[in-house]
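User: I would like to learn how to read the features of a model like this one. Please take them one at a time.

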Amino acid sequence: MDAQIQWFPGHMSKTKREIEEKIKLVDLLIELLDARVPLSSRNPLLEKIDKKRLIVLTKPDLADDSVTNEWKKYFNEQKIEVLILDLKTKIDLNKVASYCQDVMKDKIEKDKKRGINPRPIRAMIVGIPNVGKSTLINRLSQRKAASVANKPGHTKSLQWVKNDKIELLDTPGILWPKFEDQETAIKLALIGSIKMDILNKEKLIYRLLSFMSCRYPNMLCARYDLDFPINDDADALKAIEFIGMKRGFLINKGNIDIEKTIDTILREFRDSTIGKCSLEHPNEKWF
């Protein structure tokens, strides 16, 4: 990439302060990570919070199943409990509540001995933009409690959603002020956790096509009839032009509409029309 990707709007800084203020009110964190990029979607600002936590791998319907299972094993080996949840389907509230109660069993027993009646577990839902926090809140509360949008930066404030088993504190997605590793920034941009109007989409698609040519060549061949390797930007541009021509994305004098072709590839990657693929693997450098 020619320029570093940074995105930390003012409301994110405000949210960070609010989370730090509200953290004492909750028993544990439910940290949502995108199954396609579990490490890149972990916010180092949140890792510093000293609370029990449950990691939820979201969007498994878009990720490579075998790689997602490797990530679950990876976190379990670090003694971190992991749930893989497709937020498009009905979520088992009892399963989530049971885990939370098990994590907090020492506190629950201590309260019982002191004559304190059990209360719902208080959990804060945290994660970067566009990983499904509001959707999870709605599934767990079994009603439309939090508004949902498939774009980063949608939720703007903290809000409580309560039922008889769990009290959930929803939070806006926050990134961190500076990406030291631009590979992380590129992956977050590809999955839609950074607004596209600050990015060079053409360079992003070059990287995506090069990656998929290496890791998922059969998907590129099946979707776009691409049967040649993509090793550099020149190859990637050739692939984009090939796809644009095949789709009939032409503008004046028969030139290929590069922008429309790029938007199409990005959309079909994000909604897994190309196929279910992951950008990270726990045991080897992929991207």
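**Strand pairing and the sheet**

Analyst: Strands β5 and β6 pair in the antiparallel sense, over 4 bridges. Here two strands pair if DSSP finds at least two bridges between them, and helices (H or I, at least four residues) and strands (E, at least two) are DSSP runs numbered from the N terminus. This is a predicted model, in which local features need pLDDT of at least 70 and side-chain atom pairs count only at pLDDT 80 or more, while totals for chains, interfaces and linings use all residues. Residues are numbered from 1 along each chain as its sequence is written, and side-chain values use heavy atoms, with hydrogens and water left out.

User: In what order do the 6 strands form the open sheet?

Analyst: Strands of a sheet pair through backbone hydrogen bonds, either parallel or antiparallel. In this model the order is β3-β2-β1-β4-β6-β5, with mixed pairing. Strands β3 (82-85) and β5 (159-162) are the edge strands, each pairing on one side only. Direction ignored, neighbouring strands of this sheet are turned by 25° against each other on average.

User: Which residues stand opposite each other in these pairs?

Analyst: Gln159 stands opposite Asp170 in β6. Strand β4 (residues 121-126) runs parallel to β6, joined by 5 bridges, and Ala123 has Leu168 of β6 as its bridge partner. Strand β2 (residues 52-58) is also parallel to β3, with 4 bridges, and Thr58 stands opposite Leu85 in β3.

User: How many residues of β6 are buried?

Analyst: In a regular strand the side chains alternate between the two faces of the sheet. For β6 (residues 166-170), 5 of its 5 residues are buried, where buried means under 20% relative accessible area, exposed over 50% and partly exposed in between (1.4 Å probe, protein chains only). Ile166, Leu168 and Asp170 lie on one side and Glu167 and Leu169 on the other, so both faces of β6 are covered.

**Helix packing**

User: What is the angle between helix α7 and helix α11?

Analyst: Two packed helices are described by the angle between their axes and the distance between the axes. Helix α7 (residues 182-191) and helix α11 (residues 258-270) pack at about 90°, with axes 9 Å apart. Axes are lines fitted to C-alpha atoms, for helices over the stretch in contact, and angles run from 0 to 180 degrees between N-to-C directions. The two helices, α7 and α11, are therefore roughly perpendicular (65 to 115 degrees; under 35 is roughly parallel, over 145 roughly antiparallel, the rest oblique). Ala189, Leu190 and Ile191 in α7 meet Leu266, Phe269 and Arg270 in α11, contact being heavy atoms within 4.5 Å.

**Aromatic rings**

User: How many aromatic pairs are there?

Analyst: A pair of aromatic rings is described by the distance of the centres and the angle of the planes. Rings of Phe, Tyr and Trp (its six-membered ring) pair if their centres lie within 6.5 Å, with planes under 30 degrees apart stacked, over 60 edge-to-face and the rest tilted. The count is 8 aromatic pairs. Tyr74 and Phe75 have ring centres 5.1 Å apart and planes at 75°, so this pair is edge-to-face. Tyr74 is partly exposed at 24% relative accessibility, whereas Phe75 is buried at 0%. One aromatic cluster is formed by Phe211, Tyr216, Trp286 and Phe287.

**Positive phi**

User: Where is Lys59 found?

Analyst: Most residues other than glycine have a negative phi. Lys59 has a positive phi, near 60°, and is found in the loop between β2 and α3 (65-77). With a relative accessible area of 17%, Lys59 is buried. Lys253 also has a positive phi, of about 60°, in the loop between α10 (233-247) and α11, but Lys253 is exposed at 85% relative accessibility.
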